[in-house]
Structure formats: C-alpha cells, structure tokens
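Please keep the sequence and the coordinates open while reading.

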Amino acid sequence: MENSRRISSEQLLLQLHEPMLTMKSSPISSELEDTLSNPDIPFFQRLKSATSIELNTLFRLAGPTVVVYLLNNVTSMSTQIFCGHLGNLQLAAASLGNTGIQVFAYGLMLGMGSAVETLCGQAYGAHKYGMLGIYLQRSTILLMATGIPLTIIYAFSKPILLGLGESEEIASAAALFVYGLIPQIFAYAANFPIQKFLQAQSIVFPSAYISAGTLVVHLVLSWVLIYKLGWGLIGASLMLSFSWWIVVVAQFVYILMSDKCKLTWNGFSLEAFSGLWEFFKLSIASAVMLCLETWYYQILVLIAGLLKNAEIALDSLSVW
C-alpha cells in the first residue's frame, strides 16, 4: 500500500509539472524534468529539489514585479512627504487628492489593464506572438477613452469634495493638487497595458530598472520644483504625473529597441480598433475585483476628512 501511495504521489507530481516539462527549450524545465524522473533519487528528495528549482524560477519572475509596484508606491508616497514639509494643510490636501480622488482612477485603470495579462498570456502560450501587440494597443485605446470621463471628475474635484462634506479650505487645496494629476490619468492608460504586455513574456527586469531610475529623477526634480522654484502643491502633483510619463516612454522605447519584443510588437495596426466591445467587457470584469480592493481605503480617507479636526486626521492617516 505504501508503495502504491508513493507511485501515485510521484505520478501526481509529474502531472502537476507537465506544462513546464513540455517546454524543452528551457534549461530550467530540463533540470526539473531530470530531477523528477530520476529513479535513483528518493521521492521526497526529488520533491524538495523540484520545489527549490520552481521557487527559484518564480522568485526571479515575481521579484522584479514586486519591486516595480513597490517603487511606484514609493514615488507617490515621496510626493506626499514633500507636501508634508510645506505644512499641515498641504499634507492633508495631498492625502485627500492622492488617495481620495487619484486612487479611484488608479484602481480602475490597473483593473482594466489586467485584462491584457490574461489575453497576452494565452496568445504567447499559443505562439500567436503578433496578437500581443494588438492586445496592447486595444487596451491602451480603451483606457485612454476611459481617461476622458475621469478627467472630468478630476476637473470638478472641488465641488465633488464639497458635496461629500469636506471643508472649503481642504477641498480647495486638494483640488489644486488634483489638477496636476490629470496627465497621470493617461500615463496610467499607457503604463498598465505595457507592463502586462511585458510580464506576459516574462520580461520583468527592465521595468524594475526603469522604475528605480525614475524614482531618483522624481526625488531630485520634486525638490527643485517644490522648494527651489516654489511651485508648491501644483508642482508636486505635476512632477508626479511627469514621473509616470517617464516610465511609460522608457518602457515603450524598450519595446521598440529590444530584440525580445521583435515578434510580439509589429508596429501600430488598425486591427487594434476591432473587437473593442468584447475587450471592454473583459476589462470591466477585471477592474471590478481590483476596484473593490482599492476603493475601501479611498472611502476611509474621505470619511477622515469629515471629522472635527479634519486636517489633523488626514495628516495622521497620510503618515500612517
């Protein structure tokens, strides 16, 4: 019985790794196949070795992706830190504008852009490499169109905040900060499809390097704009938008110049304008899940702005 259990366990392990074992061109999958199929090695030792090999592969893919999202958050966080040195009102305004308004667009754009990851992954696995570029363009078109109503929301952020019960002083300052974030909306629209396009091909390190370099540029130029040139809140938000566009342009230049994308990017195509409705429905379905995860914190910040000492409450929440 123990022998039959061991055999069935080994068969199950091989079945779980069958998709990876079919990729004969990968040295990692060859090493994994040799480890799993070697009868001279005890089963649990094979399991341990196979787990080590696969975890190493996953960390090499997931690690740079984690770094990208971490650095993007640090870039946004650093902007609020700079605003905090301007005064309590400015920190409260940056917190309300960055989280109370901007997170709405961030969650929606990131969620809609996630549809590219699913479709590009399927196309790449089916060796339909040319479709990855089409999906990238199709998603960018939809997200850019979505950016138009979001721009209207940003433009009317002051009356929206006042309608939600925020104080006149904080709403006015937050609206000024939000106006500088309008270009960021369309940077989101281009950035998230590009990120998913690259991730579907396991190209993750370039985005991490670009994000790291952009953070350095962002810190230096934010200091110049906010303190040396005296642009204050509007300078902080404009610099944040500019930094996101640096990431977008740098990643797109990489796609154009890199040999790794020569099969998946064949230039702009009118085919990107076909099937937009079906793509939109898939994008919305992807957006709903992520929006529900991000909007709860947005609601928390908006509620904090209704407290008696709203400025202190928003400042504390921003620091936290």
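Does S202 count as buried, partly exposed or exposed?

1. At 43% relative accessibility, S202 counts as partly exposed, where buried means under 20% relative accessible area, exposed means over 50%, and partly exposed lies in between, for a 1.4 Å probe and protein chains only. S202 sits in the loop that joins α9 to α10 (205-228), and its phi is positive, about 60°, although S202 is not a glycine.

2. Some words on the basis of these values. The model is predicted, so that local features need pLDDT of at least 70 and side-chain atom pairs count only at pLDDT 80 or more, whereas totals for chains, interfaces and linings use all residues. Residues are numbered from 1 along each chain as its sequence is written, and side-chain values use heavy atoms, with hydrogens and water left out.

3. As to the overall fold, the protein chain has 13 helices and zero strands, helices being DSSP runs of H or I with at least four residues, strands being runs of E with at least two, and both being numbered from the N terminus. Of the 320 residues in the protein chain, 47% count as buried. Among contacts (heavy atoms within 4.5 Å) with a separation of 6 or more, 78% are accounted for by residues 24 or more positions apart.

4. The UniProt record, an unreviewed entry, gives the annotation "transmembrane region" to residues 141-164, 170-191, 203-226, 232-256 and 295-314; its positions are given in the numbering used here, feature names are shortened, and annotations may be inferred rather than shown by experiment. In the model, the span 141-164 is 92% helix and 0% strand, and its end C-alpha atoms lie 32 Å apart. The span 232-256 is 100% helix and 0% strand, with 36 Å between its end C-alpha atoms.

5. Helix α4 (residues 43-84) and α5 have axes that come within 8 Å and cross at roughly 155°, the axes being lines fitted to C-alpha atoms, for helices over the stretch in contact, and the angles running from 0 to 180 degrees between N-to-C directions. That makes α4 roughly antiparallel to α5, since angles over 145 degrees count as roughly antiparallel, those under 35 as roughly parallel, 65 to 115 as roughly perpendicular and the rest as oblique. The contact is made by Y69, S76, Q80, C83 and G84 of α4, together with Q90, L91, A94, S95, N98, T99, Y106 and L110 of α5. By class, the contact of α4 with α5 has six nonpolar, seven polar and no charged residues, where Ala, Val, Leu, Ile, Met, Phe, Trp, Tyr, Cys and Pro count as nonpolar, Asp, Glu, Lys and Arg as charged, and the others, Gly among them, as polar.

6. T99 deserves a separate look. T99 lies in helix α5 and is buried, with a relative accessible area of 8%. Leaving aside neighbours within four places in sequence, T99 is in contact with Q80, A94, Y297, Q298 and V301.

7. How do the axes of helix α5 (residues 88-125) and helix α9 (residues 182-199) cross, and at roughly what angle? They come within 8 Å and cross at roughly 25°, and α5 and α9 are therefore roughly parallel to each other. On the α5 side the contact includes Q102, A105, Y106, M109 and L110, and on the α9 side it includes Q184, I185, Y188, A189 and F192. The residues of this contact of α5 with α9 divide into 12 nonpolar, five polar and two charged.

8. Two positions in helix α11 (residues 232-257) can be read together. S241 is placed in this helix and, at 1% relative accessibility, counts as buried; not counting residues up to four places away in sequence, S241 touches G180, L181, I182, P183 and Q184. L238 also lies in helix α11, but at 34% relative accessibility L238 counts as partly exposed. Apart from neighbours within four places in sequence, L238 is in contact with G180 and W231, and the C-alpha atoms of L238 and I182, 56 residues apart along the chain, are separated by 8.5 Å.

9. Finally, please check the backbone at H127, which has a positive phi of about 65° although H127 is not a glycine. H127 is found in the loop between α5 and α6 (130-155) and is exposed, with a relative accessible area of 57%.
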